[in-house]
Amino acid sequence: MRIRSARRSDLRRLQDIERAAGEPFRALGMADVADDEPPSLALLESYRAAGRCWVAAHPHAREDDRPVGYLLADPVDGAAHIEQVSVDPSAARLGIGRALIDHVAAWAEEQGLAALTLTTFADVPWNAPYYARIGFTVLREEELTDGLRRIRAEEVDSGLHLRPRVCMRRAPARIVLPRPVAPTAVARPAGRGQRADVVSGER
């Protein structure tokens, strides 16, 4: 999987990815999420300039490093908080979201950050259930740090609290590999493209 830091020339493409990644929410009756505006160019540039915006190219396009997924992260209370991770549905089920998360996990360890955190919808299949499969656990209310409480408050202000949401945490080094499949077994399909939530939510 080819993952690199974002370039300024990538930023409009990241907005396109965000719009495409929102469309699957429409089928769940979450048109407000699907219609939400992507991060502004100014916000994306602030992450890029800070070195906290990474992009992934399609794993089957050897000569093309145009992004099909991206991740934004912030240091929050000694952890790397995943503000947003989005994958274009045209590149779903290729492990791109997981690769981006594992990449930021390695970055977090280099930075001396103790964990990865995120906030997400509890019952959207490619949100909390997906993150649980790759090693994240749900935090209880009493386990939330001040920074996570602030993020939750911002989500309330933006209306995201109208659907069940959770905060999740993972130790950065814990890269969860798929279980080997017995020769006679049929491999299950990989998880769908994922979208985490940003401060405005992963949405």
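Phe25, Phe121 and Trp126 come together as one aromatic cluster in this predicted model. Rings of Phe, Tyr and Trp (its six-membered ring) are paired here if their centres lie within 6.5 Å, with planes under 30 degrees apart called stacked, over 60 edge-to-face and the rest tilted. Arg165 sits over the face of Phe121, 4.6 Å from the ring centre; the test for this is NZ of Lys or CZ of Arg within 6 Å of the ring centre and within 35 degrees of the ring normal.

Across the whole structure, five aromatic pairs turn up. Trp54 and Trp107 make an edge-to-face pair, at 5.2 Å centre to centre and 65° between the planes. Trp54 belongs to strand β2 (residues 53-57) and Trp107 to helix α4 (residues 96-110), so the pair ties together parts 53 residues apart in sequence. Helices (H or I, at least four residues) and strands (E, at least two) are DSSP runs, numbered from the N terminus. Both Trp54 and Trp107 are buried, where buried means under 20% relative accessible area, exposed over 50% and partly exposed in between (1.4 Å probe, protein chains only).

As for helix α6, its buried residues are Gly147, Leu148, Ile151 and Glu155. These fall within an arc of 100° seen down the axis, so they line one face of the helix; the arc is taken from the directions from the helix axis to the C-beta atoms. On the other side of α6, Asp146 and Asp157 are exposed.

Residues are numbered from 1 along each chain as its sequence is written. Local features need pLDDT of at least 70, side-chain atom pairs count only at pLDDT 80 or more, totals for chains, interfaces and linings use all residues, and side-chain values use heavy atoms, leaving out hydrogens and water.
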